[in-house]
Amino acid sequence: QVQLVESGGGLVQAGGSLRLSCAASGRIVSINDMAWYRQAPGESRELVAGIDSGGSTNYADSVKGRFTISRDNAKNTVYLQMNSMKPEDTAVYSCYADVRVTIFRSSRGYWGQGTQVTVSS
């Protein structure tokens, strides 16, 4: 019913920037929280940044001041601008959205397929 499609991953040198996008499509009544998570090899998935429907944001301490999350509600899209990137930012980045598909049921979470981000030293 709902698909999240990410784009913008790739290879970047340390100190460089990337911008990730995640567009939600399908039967959508409303989207509450949206977020970006990442998972590095051998590690558990961690929250990178989140944004609610009103635009309030939160960040992992490791990315504060370097990453910025934003959203375009008209396009059902969430973005992650990543600056001053470090090799430890290397991971698969996945977007998450809490979506309501009908007024008769509560919202539920959906995940994108993930996009690889690699930062070379």
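**View A. Leu18 and its partner across the strands.** Leu18 has Met82 as its bridge partner, and Met82 sits in β8. What you're looking at is a predicted model. The strand pair behind this view is β3 and β8, which run antiparallel and share six bridges. β3 also pairs with β1 (residues 2-7), again in the antiparallel sense and over six bridges. On that side, Glu6 has Cys22 in β3 as its bridge partner. As a general point for reading views like this, side chains in a regular strand alternate between the two faces of the sheet.

**View B. The whole chain, for orientation.** Zoom out for a moment: the protein has 11 strands and zero helices. Walk along the sequence and the pattern is simply β-β-β-β-β-β-β-β-β-β-β. The radius of gyration is 14 Å, close to the 14 Å that the globule rule gives for 121 residues, so the protein is as compact as a globular protein of that length. Its C-alpha trace spans about 50 × 25 × 25 Å along the principal axes. Of the 121 residues, 40% are buried.

**View C. The disulfide between Cys22 and Cys95.** How many disulfides does the count come to? The count is one, and Cys22 and Cys95 form it, with their sulfur atoms 1.9 Å apart. The link of Cys22 and Cys95 is right-handed, with 45° about the S-S bond. This pair links distant parts of the chain: Cys22 belongs to strand β3 (residues 18-26) and Cys95 to strand β9, 73 residues apart. Are these cysteines buried or exposed? Cys22 and Cys95 are both buried. In general terms, a disulfide is a covalent bond between the sulfur atoms of two cysteines.

**View D. A salt-bridge network around Arg38.** Which residues are linked here? Arg38, Glu46, Arg66 and Asp89 are joined in a network of salt bridges. Start with Arg38 and Glu46, whose side chains meet in a salt bridge at 2.6 Å, N to O. Arg38 counts as buried because its relative accessibility is 6%, while Glu46 is partly exposed, with a relative accessible area of 33%. Now look at the salt bridge between Arg38 and Asp89, where the N to O distance is 3.0 Å. Arg38 lies in strand β4 (residues 30-39) and Asp89 in the loop between β8 (77-82) and β9, so the pair ties together parts that are 51 residues apart in sequence. Arg38 and Asp89 are both buried. The general idea is that side chains of opposite charge can pair when their charged atoms come close.

**View E. The Lys64 and Asp61 salt bridge.** Here's another charged pair: Lys64 forms a salt bridge with Asp61, and their closest N and O atoms are 3.1 Å apart. Is Asp61 buried or exposed? Asp61 counts as exposed because its relative accessibility is 63%. Across the protein, the count comes to four salt bridges.

View F. Val29, Ile103 and Phe104 make a nonpolar surface patch of about 370 Å². Where does Phe104 sit? Phe104 is in the loop between β9 (91-100) and β10 (108-111). Phe104 has 74% relative accessibility, so it counts as exposed.

View G. Why does Thr102 count as buried? Its relative accessibility is 14%, and the cut-off for buried is under 20%. Check the C-alpha atoms of Thr102 and Val29 too: they are separated by 6.0 Å, though the residues are 73 apart along the chain. Val29 is one of the residues that make the nonpolar patch.

View H. Gly55 has its place in the loop between β5 (46-51) and β6 (57-59). With 37% relative accessibility, Gly55 counts as partly exposed. How far apart are the C-alpha atoms of Gly55 and Arg105? They are separated by 24 Å, and the two residues are 50 apart along the chain.

Technical notes: Residues are numbered from 1 along each chain as its sequence is written. This is a predicted model: local features need pLDDT of at least 70, side-chain atom pairs count only at pLDDT 80 or more; totals for chains, interfaces and linings use all residues. Side-chain values use heavy atoms; hydrogens and water are left out. Patches are made of residues with over 30% relative accessible area and no salt bridge: like charges are joined within 9 Å, nonpolar side chains (Val, Leu, Ile, Met, Phe, Trp, Tyr) within 5 Å. Accessible areas come from the Shrake-Rupley method with a 1.4 Å probe; for residues, only the protein chains shown count as cover. Helices (H or I, at least four residues) and strands (E, at least two) are DSSP runs, numbered from the N terminus. Buried means under 20% relative accessible area, exposed over 50%, partly exposed in between (1.4 Å probe, protein chains only). A disulfide is a pair of cysteine sulfur atoms within 2.5 Å. Two strands pair if DSSP finds at least two bridges between them. The radius of gyration is taken over C-alpha atoms; the globule rule is 2.2 Å times the number of residues to the power 0.38.
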